[in-house]
Structure formats: C-alpha cells, structure tokens
Amino acid sequence: MTRVMADPDLPSRSAAAGPIRLPPWQEATLLAVLAGLVASGAIWLVYHHLLPARADMGTHPAEAWSLRLHGGLAMAVLVLVGMLLASHVLPAWRRRLNRGSGGLMLGAMAVLTATGYLLYYAGSPSLRDAVSALHWGLGLALPVLLALHMTRGGRWKRNFFRQ
Ligand code: HEM
Ligand code: HEM
C-alpha cells in the first residue's frame, strides 16, 4: 500500500495547526477598534453620569454621537473576534497556550455582547440599569484584561526573557 505524504507547501486543513500570532494588520485593527469602543463608552459615561445635566439643553449631543460610534464599532469588533476564533483561539486552545487569560478575554467579550444586546431590548428600567452597570464596568476593565493577555502571551514573554 502506498502512503501519501503531506505536502509541506500546502496549507494545512486543520485549524489546530495554523499560526497563533495575529497578522500585524489584524492586531492593529483590533487594538484600534477596542480603543474606540472604550473611548466612546467613556465619553458617554462622562456626559451621562459625571457632568451635571443642563435643564435648558436636555441630553448633551455628545451622548447621542458617542453611542452611535460605539454601536458601529461593536459590530466591527464582533467581525474581528469571529475571525480570531478560527485563526487564533482554536490553534492556541488545542496547544494549551495562554488558555487562562485567553479564556478571560473570550468570556469578557461574550458578556459584553450579551449585555450590549440587552441594553437594546431589556424592557424594565431596573434590569436595564443593572445590565448597564455590568456592561460598562466590565468594558472599563477590558484594557487591563487585554494587557494581561498580551503580556502573558508567547511573543512578549519570549522577548522579555531573551534580554
Ligand atoms: C476575544 C478573545 C481574544 C483576543 C481579543 C485576543 C487577542 C490577542 C492579542 C492582541 C495578542 C497579541 C498579539 C499576538 O501575539 O498575536 C494575543 C496573543 C496570544 N493569544 Fe490571544 N486573544 C483572544 C483569545 C485567546 C484565547 C482563548 C487563547 C488561548 C486559548 C489565546 C492565546 C494567545 C496566545 C498563545 C498568544 C501569544 C501568541 C504569540 O505571541 O506567540 N488568545 N491575543
Ligand atoms: C464586545 C464589546 C462591546 C459590545 C458588543 C458593546 C455593545 C454595546 C451596545 C449594543 C450598546 C447599546 C448602544 C445603544 O443603546 O445605543 C452599548 C452601550 C454602552 N457600552 Fe458597550 N459594547 C462593548 C464594549 C464596551 C466597552 C469596552 C465599554 C467601555 C467603557 C462599553 C461601554 C458602554 C456604555 C457606557 C454604554 C451605554 C450604556 C447605557 O446606555 O446605559 N462598551 N454597548
């Protein structure tokens, strides 16, 4: 019986064998979109909760445009995370690399997406208030989780210990 050898020049059909590192354009786009999400959320928080409301103006226009920007970036981040599932998460998970902080990132994204959905559709005001606090509390913590994830990841660790 003749054995067919795998051709090393052909791309592997198994996602588990793929590269884990994000291509530079994908890493830059992801970081820019996440920064935009945090910034637009923070701007809304400042105008809605911190600055005193002016009776003659109603809500400040910045509240509306920051949420419009936020909703658009939320759609973009879901596309980017969807791409990451196949090209980054699956191969890293199979090789047991960075599972702890990666799992935290995935969990945070899932909770942010579910609470973002509820912010559109939750009917009762008290439920909406609780969901809102959970959403933006976790959202503000996201940069810390991402920094933890990136610094615990292979490339940064390897560069650090090489010095
Ligand atoms: C939504 C979830 C996730 C996001 C946004 C994310 C994002 C990132 C980013 C920006 C980096 C640094 C850039 C790079 O090294 O390519 C990175 C590195 C890394 N991530 Fe994730 N990640 C996520 C989930 C996961 C999960 C679930 C795992 C593991 C099962 C994982 C494993 C790794 C590893 C091993 C590295 C280091 C790669 C290297 O430099 O060699 N990630 N991640
Ligand atoms: C996976 C990431 C995220 C998704 C999918 C997401 C999604 C959403 C959606 C759909 C809304 C409702 C928009 C509207 O009512 O017009 C929202 C509101 C909001 N988001 Fe996010 N978001 C994410 C990350 C973040 C981050 C990182 C922050 C950081 C501060 C944040 C802060 C906020 C705030 C303050 C609001 C307004 C809350 C309210 O209306 O009571 N979000 N988000």
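Mentor: Where α1 passes α2, the crossing is left-handed. The model is a predicted one, in which local features need pLDDT of at least 70 and side-chain atom pairs count only at pLDDT 80 or more, while totals for chains, interfaces and linings use all residues. Residues are numbered from 1 along each chain as its sequence is written, with chains lettered from A and ligands numbered from 1 in the order in which they are written.

Trainee: What makes a crossing left-handed or right-handed?

Mentor: The near helix is turned anticlockwise from the far one by less than a right angle in a left-handed crossing, and clockwise in a right-handed one. α1 and α2 meet the left-handed case.

Trainee: Why are α1 and α2 called roughly antiparallel to each other?

Mentor: Their axes cross at roughly 150 degrees and come within 8 Å. An axis is a line fitted to C-alpha atoms, for helices over the stretch in contact, and the angle runs from 0 to 180 degrees between N-to-C directions. Under 35 degrees counts as roughly parallel, over 145 as roughly antiparallel, 65 to 115 as roughly perpendicular, and the rest as oblique. The pair is therefore roughly antiparallel.

Trainee: How do the residues of the contact of α1 with α2 divide?

Mentor: That contact has 16 nonpolar, 8 polar and 1 charged. Nonpolar covers Ala, Val, Leu, Ile, Met, Phe, Trp, Tyr, Cys and Pro; charged covers Asp, Glu, Lys and Arg; the others, Gly among them, are polar.

Trainee: At what angle do the axes of α3 and α4 cross?

Mentor: Helix α3 (residues 99-121) and helix α4 (residues 125-152) cross at roughly 155 degrees, with axes within 9 Å. These two are therefore roughly antiparallel as well, and their crossing is left-handed. The contact of α3 with α4 has 14 nonpolar, 8 polar and 2 charged residues.

Trainee: How many helices and strands does the chain have?

Mentor: There are 5 helices and 0 strands. A helix is a DSSP run of H or I with at least four residues, a strand a run of E with at least two, and numbering starts at the N terminus.

Trainee: Which helices supply at least two residues each to the shell around ligand 2?

Mentor: α1 (24-50), α2 (61-94), α3 and α4 do. Of the 23 residues around ligand 2, G41, A74, G116, S132 and G139 come nearest; to be near, a residue needs its C-beta atom, placed from the backbone, within 6 Å of the molecule or strand. By class, that shell has 15 nonpolar, 8 polar and no charged residues.

Trainee: How do you know whether R96 is buried or exposed?

Mentor: R96 has 7 other C-beta atoms within 10 Å, so R96 is exposed. R96 is in the loop between α2 and α3, with a positive phi near 55 degrees in a residue other than glycine.

Trainee: What does V46 count as?

Mentor: V46, in helix α1, has 14 C-beta neighbours inside 10 Å and therefore counts as partly exposed. V46 and E63 are 17 residues apart in sequence, and their C-alpha atoms are 8.9 Å apart in space.

Technical notes
A residue is buried if 20 or more other C-beta atoms lie within 10 Å of its own, exposed if 12 or fewer, and partly exposed in between; C-beta atoms are placed from the backbone.
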